[in-house]
Amino acid sequence: MTRPYRAFVAIALRTGSLVSLALPMSSVLAQATTQRFDFTKDQVGREPVQFLPMVGNWVVTKDEGRNVLLVDGRIWKKGQPAGGLADKARAIYGAQHEEFLDNVKAFAYFPIAVNREIEKFEDGDISVKFKMIGGTLDRCAGILFNLKPNGDWLAVRFNGTEDNVVLWKFVNGVRSSVKRGTTNVPLELGTWNELRVSVRGAQVKAYLNGELMIDQPWTEPISGKVGLWTKTDSMSEFDAFTVTPVAR
Amino acid sequence: MTMRIEEFRSRAMVGALAMAGLLVLLLPSLVAAQGRTAPRARSGSCQVDTTAEWYRSQRAFYSDRTERWSNDSLRNVLLTAAGYDANAVFAPELGWRLDFGVGGGGVDEGVVTLLRDMARKRQWPTRSLVGVAGVHAAWLIAQHDSALTVTAMHRMMEAGPGESSPAEVAILEDARRVQIGRGQIHGTQFRRNGAALQLSGHLEDSAHVDMRREGAWLPPYSVSACLAKAALTR
């Protein structure tokens with residue numbers, strides 16, 4: 001083999017390696033389609049079209065000329081699921097909806113609105129813009145994920161009564177905190193902020209306005225529906241719910 | 001020489017236009033002067049609407065005679081320390097405080113210590129434990145101790161719906177926020193500025209203050225501000 005030829009082969013091999021590495025990456029990128037949900041086409045005063053309110057009062061409203069989604073805690077009553085809960089549960093879980101219903105009804109402390117379009121979220125990023133308006137007991141805005149047919153879920157939330165981000169889990173009707181962010185971040189009411197949860201295999205991270213708040217190992221597989229989450233009498237607005245999956 | 005009618009009308013019109021022009025020039029200054037004091041209550045808005053949702057919610061909470069509680073002795077200790085009569089006629093929380101300051105002592109130190117201990121264990125006198133009157137008495141006592149005021153607020157929030165009055169939580173939270181230099185969120189804390197009324201500190205997200213007040217069983221901001229202003233002259 002001549003020297004130039006060896007050099008050519010060496011270069012070709014290296015280039016080929018890079019190309020062969022790039023191919024799966026490009027297919028990953030091609031499959032990681034970001035889906036962004038806003039409320040510009042929804043009717044003000046009505047429930048959102050792309051989200052199913054299961055607990056609490058969720059209504060599209062106008063904010064500075066833009067349609068956003070409001071969860072109105074003034075109307076939340078302890079233990080009262082959203083109207084038409086059974087039909088909504090059937091719409092997303094079909095024949096499996098009974099167990100979901102039982103769990104939701106038993107502990108309707110957490111207003112949730114489930115995204116209709118995302119069938120299953122596993123790895124990737126979910127972000128949402130939120131604005132806290134009020135709430136005496138709680139002033140929450142959160143991202144719901146890993147929602148199972150039996151009503152179990154995970155949620156990452158910011159609460160303006162505690163000024164922190166927390167990762168919660170809800171299993172068999174019992175809620176417990178998985179990880180509390182150690183940084184206190186007082187946010188002003190009436191201002192827009194961004195919450196993001198990032199799932200990569202065995203790691204769950206949560207960001208508030210781009211700053212890492214939670215970094216938590218997670219050994220169980222995450223696979224379920226996603227949506228929005230608050231607590232009790234929170235009044236919060238949401239916009240730009242964005243899901244970017246990472247193909248496995 | 002008598003003035004002709006037409007000339008009189010003409011001069012009167014010029015005079016009226018001049019007055020109107022003067023008012024337009026002076027109006028911004030008048031408005032700015034108002035802005036340096038508390039937002040002005042609209043005429044007639046000192047009226048407390050007893051049919052409003054906030055009033056009815058408070059009344060239902062404080063007047064519930066069917067309620068049961070589990071700790072009678074703690075309830076009695078709190079009522080005695082607060083000097084609060086459980087059979088007192090319902091008097092609504094009207095959502096304003098003038099020159100309000102927490103702390104200052106003046107209540108049974110043993111009861112304050114008892115409440116501090118409960119708070120340390122993440123407990124608090126809730127409606128289930130001591131009834132509505134006991135909850136109110138604990139709230140009154142907590143305000144005599146600055147540190148206890150803060151923990152009382154958090155424990156009342158954590159206790160969950162129905163275990164305390166959101167109006168009382170709102171008052172504590174605004175007082176606390178003023179204390180630490182944050183904006184109020186319900187606009188309940190006022191102070192004197194000479195003969196004028198001023199909001200203590202500032203109000204966060206004023207556009208939604210009445211929405212928050214409604215959720216906290218408080219009257220609209222304009223009503224509370226009017227009542228606070230009326231108190232200045234007493």
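Student: Which strand do six bridges join to strand β7 (residues 140-147) of chain A?

Tutor: That's strand β8 (residues 153-159) of chain A, and the two run antiparallel. Keep in mind that this is a predicted model. In general, strands of a sheet pair through backbone hydrogen bonds, either parallel or antiparallel. For one bridge here, look at A:G142, whose partner in β8(A) is A:R157.

Student: What order do the strands of the open sheet take?

Tutor: Seven strands of chain A line up as β2-β5-β14-β7-β8-β9-β10, with antiparallel pairing. At the edges sit β2 (51-55) and β10 (174-180) of chain A, each pairing on one side only. Neighbouring strands in this sheet are turned by 25° against each other on average, ignoring direction.

Student: Which helix lies across β2, β5, β7 and β14 of chain A?

Tutor: Helix α2 (residues 85-93) of chain A, running at about 130° to β2(A).

Student: How do I read two packed helices?

Tutor: You describe them by the angle between their axes and the distance between the axes. In chain B, helix α3 (residues 72-82) and helix α5 (residues 127-142) pack at about 35°, with axes 8 Å apart. Their crossing is left-handed. Residues making the contact include B:L74 and B:L78 of α3(B), plus B:A133 and B:A137 of α5(B). By class, the contact has 13 nonpolar, two polar and one charged residues.

Student: And the cores: how many residues has the largest nonpolar one?

Tutor: Generally, nonpolar side chains tend to be buried together in soluble globular proteins. The largest core here has 41 residues, and A:I126 and A:F130 are among those with the most contacts inside it. Strand β6 (residues 124-134) of chain A gives the most to this core, four residues. Apart from it lies another core of 27 residues, including B:L74 and B:A133.

Technical notes:
Residues numbered from 1 in each chain as written. Chains lettered and ligands numbered in written order. Predicted model: local features only at pLDDT ≥ 70, side-chain atom pairs only at ≥ 80, totals over all residues. Heavy atoms only, no water. Core = buried A, V, L, I, M, F, W, Y, C linked by side-chain atoms within 4.5 Å. Buried < 20%, exposed > 50% of the residue type's maximum accessible area, 1.4 Å probe, protein only. Axes fitted to C-alpha atoms, helices over the stretch in contact; angles between N-to-C directions. Left-handed = near helix turned anticlockwise from the far one by under 90°. Contact = heavy atoms within 4.5 Å. Nonpolar A, V, L, I, M, F, W, Y, C, P; charged D, E, K, R; others polar. Pairing = 2+ DSSP bridges.
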